[in-house]
Every structure is written in structure tokens, then in C-alpha cells.
Amino acid sequence: MTIGAMILAAGRGNRMRPLSDTLPKPLHEAGGKPLVVWQIEALARAGFRDIVINAAHLADVLVARLGDGGAFGVRLAWSLEPEPLEAAGGIATALPLLPKGPALIVSGDLWTRYDYAALVPRAEAMARDAASPRVHLVMVPNPPYHPEGDFVLPAGAGRLALGGSPRLTFGNIGLYDTALFAELPRRAKLKLSPLFADWIGRGLASGERYDGPWSNVGTPEDLAQLDATLRQSPSLSSVNAP
């Protein structure tokens with residue numbers, strides 16, 4: 001079976017201004033490499049060779065820098081948006097470029113050592129068993145900018161819950177049955193959060209906690225901190241790092 005893969009890279013990056021005024025946020029570098037390239041390489045190591053990327057803000061710059069993906073050993077397909085359509089809108093619009101069934105979807109401004117290959121067995125179960133979760137989210141400890149978290153992962157349960165505590169933060173790494181997006185309008189702005197609430201409320205979403213290296217780069221300060229961390233700890237940049 002073919003598991004889809006997509007990198008979300010269409011956002012304006014308002015909190016990254018003024019850096020994002022002239023360069024798309026995913027192309028800003030940390031540890032000597034653009035954020036989106038970290039993601040492409042991580043997906044490639046996990047066996048994902050066909051990757052969809054959506055682009056809107058300064059899309060021509062992003063496409064010119066990454067091209068068809070040959071330089072990274074992958075094949076890139078581009079979903080170009082006239083304006084950023086939010087995460088759910090971007091996924092729904094890119095649906096024709098993704099194979100039917102499970103797809104791993106990650107943010108282009110994310111850096112992590114999470115091994116995407118760990119999600120392959122879950123994707124296979126999602127495709128094989130209709131009773132398995134239709135969504136699986138990687139959750140991380142709440143960062144300082146989001147202390148209240150997003151959802152609850154009950155001990156031993158596996159399925160996510162909307163209420164209760166302690167809460168964790170969605171790490172912008174998710175496995176989805178693309179059928180969930182099939183009825184959504186294309187080229188319309190749609191957020192993921194209302195869909196998460198629906199899916200979790202219906203018992204369709206599972207989750208796992210990841211405590212390893214992870215950074216969601218939202219501001220110039222975040223970028224500078226990640227860059228310093230990677231340059232001071234070369235082992236984090238190694239493909240052999242855990």
C-alpha cells in the first residue's frame with residue numbers, strides 16, 4: 001500500500017515577520033538547513049518518497065528553492081493556493097494529489113527527531129481495519145507559549161479526549177484517513193481545530209505522547225533558539241541521532 005505524505009507550508013507566518021516578508025517561513029534556516037528541508041529529509045528516511053507540499057505566501061520562492069524534490073531523493077507535488085487556506089482547507093484542496101487512504105501530514109515549520117517510520121504500522125492498521133482510529137495525533141508536553149494544551153490522552157486508553165487533565169499539545173504531526181476530507185470544499189479556508197473536536201468527540205482519534213526533541217518555530221526568537229541548539233549540539237543534526 002502507498003501511504004501519502006504532505007507538508008503544510010502555505011501559511012503567511014505573521015508571527016515570524018519581518019523575516020517572513022521576503023522569505024517563506026519554511027525556508028528559514030536552523031542548524032544550516034531550511035526548516036522544510038529537515039522535514040523532507042525526515043520523511044525520506046522513513047520511506048516516504050512522494051510528498052505533497054502546499055504553498056501560498058511567496059509560493060514561487062518556495063517552488064524555486066525545492067523544485068521537484070530530486071535534490072533530496074524524493075518527488076514533490078505542489079498544491080498552490082491563491083491565498084493561505086488554513087490547514088484543513090489546504091489538505092482538502094490537495095486531496096487529488098494524495099493517494100486514497102492514510103496520509104502523514106506535518107508542518108513545514110516544525111523541527112523534531114520523531115521517527116516518522118513509527119507511524120507506518122498505524123497507517124497499515126488504519127487501511128486494513130475500519131474499526132481502527134481514523135486519526136492519530138502525536139502529542140507533546142505543553143510548550144511555554146501554549147501552557148493549557150489541546151487534548152487529553154488518558155493513561156492506557158490510546159484514544160484522545162476533549163475534557164479532563166492533564167492536557168497535552170498537538171505536535172503538528174498527524175496521520176489521517178484522507179476520506180475524512182473528501183466532502184470538504186476545495187479552495188476554501190478551513191481550520192483543523194473544529195474537525196479535531198468532532199473527530200475526538202466521536203471517538204475516531206487516537207494519540208501518543210512524544211517527549212523527544214521537538215520545536216514548533218513560530219517567531220524569530222524561536223528560530224534563533226533552535227539554530228543555537230542545533231549548532232551547539234551537532235548530534236541532534238545527525239541522521240543517526242535517536
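1. The side chains of K25 and D109 form a salt bridge, with N and O 2.7 Å apart. This pair joins distant parts of the chain: K25 lies in the loop between β1 (4–8) and β2 (29–30), and D109 in the loop between β6 and β7 (110–112), 84 residues apart. A salt bridge here is a side-chain nitrogen of Lys or Arg within 4 Å of a carboxyl oxygen of Asp or Glu. Helices (H or I, at least four residues) and strands (E, at least two) are DSSP runs, numbered from the N terminus.

2. This is a predicted model, in which local features need pLDDT of at least 70 and side-chain atom pairs count only at pLDDT 80 or more, while totals for chains, interfaces and linings use all residues. Residues are numbered from 1 along each chain as its sequence is written, and side-chain values use heavy atoms, with hydrogens and water left out.

3. Both partners of the opening pair are covered. K25 counts as buried because its relative accessibility is 13%, and D109 is buried with a relative accessible area of 13%. Buried means under 20% relative accessible area, exposed over 50%, and partly exposed in between (1.4 Å probe, protein chains only).

4. By the rule above, the count comes to 12 salt bridges. Another of them joins the side chains of D50 and R75, at 2.7 Å from N to O. Here too the pair links distant parts of the chain, with D50 in strand β4 (residues 50–55) and R75 in strand β5 (residues 75–80), 25 residues apart. D50 is partly exposed, its relative accessible area being 42%. R12, R17 and D21 are linked in a network of salt bridges.

5. Strand β10 (residues 167–177) is mostly covered, since 10 of its 11 residues are buried. Two strands pair if DSSP finds at least two bridges between them. Strand β6 (residues 102–107) runs antiparallel to β10 and is joined to it by 5 bridges; P102 has D177 as its bridge partner in β10. Strand β8 (residues 135–140) is also antiparallel to β10, again with 5 bridges, and L137 is partnered with G174 of β10. Strand β9 (residues 151–152) pairs with β10 in the antiparallel sense over 2 bridges, and F151 stands opposite L168 in β10.

6. S215 belongs to strand β12 (residues 214–216). It counts as buried because its relative accessibility is 17%. Leaving aside neighbours within four places in sequence, S215 is in contact (heavy atoms within 4.5 Å) with D109, L110, W111 and L226.

7. What is the span of helix α6 (residues 220–232)? At 1.5 Å a residue, its 13 residues should span 18 Å, and the end C-alpha atoms are 18 Å apart, so the two agree. The expected span is 1.5 Å times one less than the number of residues.

8. Which residues of α6 are buried? They are L223, L226 and L230. These residues cover an arc of only 70° around the axis, so they lie on the same side of α6. The arc is that of the directions from the helix axis to the C-beta atoms. On the other side of α6, E221, Q225, R231 and Q232 are exposed.

9. D227 forms a salt bridge with R231, their closest N and O atoms being 2.9 Å apart. The two are 4 residues apart in helix α6, so about one helical turn separates them. R231 counts as exposed because its relative accessibility is 54%.
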